[in-house]
Amino acid sequence: MAAIANDDTKLTIVLAPPTAAASPGSKDTCAACGALPTDDDDDDDDAAATAMSSPPQKSAPQRNVTQWLRAAVLGASDGVVSTAALMLGVGAARDADDVLLAGVAGLVAGACSMAIGEYVSVHAQLDVELAELERAAKAAGDSEGGAPATDRAADAELSSPGQAAAASALAFAAGAAMPLLAAWFVTGYAARVAVVVATASAALAAFGSLGAMLGRAPGGRAGLRAVVGGLVGMGITYGLMKLFRVHGV
């Protein structure tokens, strides 16, 4: 290696022996020039840009809470539609005094049905989760120092059939109680029909909007769809039961 210096220009040229051509972005190229960007720098910039542009992810507890809230909202909406439609249908086919009794029967039957169905469904999911944990424990080799399967099950966030059943029953009962209580303090069949329809529509609009907002979606259209769907269900039930009364069934 030789150095040639020029005092006038203050320029120093370093002559080095020829070496193998360095690929762009290699350490040799960076040592010679000290300014060329490397592929690693580009990767870091891309990763930083991706992290800044990607939306924040919810943690597991936050996702579980959101799922529970949405399930409760759906259960309450189901209770509103089922009980209101049952009350209108029975009132159209029978005496007006039977409307409240039909509402109470619908609340109890619907809450029991929701609880049993949710318990069976979530218990099936729990069986799948336990089977997956057992297979994972066998693959990890518990006999070779891995965590026992019981400890894995305790640490994992497993589904709870009992809690799911209770939550579904309470949500349905809460929704069913709205049109029922509204009709309880009103006398006269026509007034009860109007109160039940109005109360059910308001509750469905609120529940539909809330469920959409929990899923980070616009709530206005969702609430409108819930109201329209509920009115269609109540109208079909009322119309069919009215035919039964007309024909004396």
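First, a caution. The model is predicted. Please keep that in mind throughout.

Let's start with the whole chain. There are 249 residues, and 27% of them count as buried. The secondary structure comes to 8 helices and 2 strands. What order do they follow along the sequence? The pattern reads β-β-α-α-α-α-α-α-α-α. So much for the elements.

Next, surface and contacts. The chain exposes about 15,800 Å². Carbon and sulfur atoms supply 64% of that area.

Now the helix pairs. Two packed helices are described by the angle between their axes and the distance between the axes. I'll give both numbers for each pair.

Pair one is α4 with α6. Helix α4 covers residues 98-140, and helix α6 covers residues 161-184. Their axes come within 7 Å. The crossing angle is roughly 160°. Over 145 degrees counts as roughly antiparallel, and α4 and α6 are therefore roughly antiparallel to each other. What is the hand of the crossing of α4 and α6? It is right-handed. Which residue classes make up this contact? By class, the contact of α4 with α6 has 20 nonpolar, 6 polar and 1 charged residues.

Pair two is α6 with α7. Helix α7 spans residues 189-214. Here the axes come within 9 Å and cross at roughly 150°. That makes α6 roughly antiparallel to α7. This crossing, too, has a hand: α6 passes α7 in a right-handed crossing.

Who meets whom? On the α6 side we have Met178, Pro179, Ala182 and Ala183. On the α7 side they meet Arg192, Val195, Val196, Thr199, Ala203 and Phe207. The classes in this contact are 8 nonpolar, 1 polar and 1 charged.

Take serine 201, which is placed in helix α7. Is serine 201 buried or exposed? Its relative accessibility is 16%. Buried means under 20%, so serine 201 counts as buried. Which residues does serine 201 contact, leaving aside its neighbours within four places in sequence? They are Val227 and Leu231.

Now serine 209, also placed in helix α7. At 19% relative accessibility, serine 209 counts as buried. With neighbours within four places in sequence left aside, serine 209 is in contact with Gly219 and Gly223.

Where does methionine 241 lie? In helix α8, residues 219-246. Its relative accessible area is 27%, and methionine 241 is partly exposed.

What does methionine 241 touch, not counting residues up to four places away in sequence? Gly89, Ala92 and Ala93. The C-alpha atoms of methionine 241 and leucine 88 are separated by 8.6 Å. Along the chain, those two residues are 153 residues apart.

To recap the pairs. The α4 and α6 axes cross at roughly 160°, and the α6 and α7 axes at roughly 150°. And the residues: serine 201 is buried, serine 209 is buried, and methionine 241 is partly exposed. That's the tour.

Conventions
Residues numbered from 1 in each chain as written. Predicted model: local features only at pLDDT ≥ 70, side-chain atom pairs only at ≥ 80, totals over all residues. Heavy atoms only, no water. Helix = DSSP H or I, 4+ residues; strand = E, 2+ residues; numbered from the N terminus. Buried < 20%, exposed > 50% of the residue type's maximum accessible area, 1.4 Å probe, protein only. Areas by Shrake-Rupley, 256 points an atom, 1.4 Å probe, with all protein chains shown as cover. Axes fitted to C-alpha atoms, helices over the stretch in contact; angles between N-to-C directions. Parallel < 35°, antiparallel > 145°, perpendicular 65-115°, else oblique. Left-handed = near helix turned anticlockwise from the far one by under 90°. Nonpolar A, V, L, I, M, F, W, Y, C, P; charged D, E, K, R; others polar. Contact = heavy atoms within 4.5 Å.
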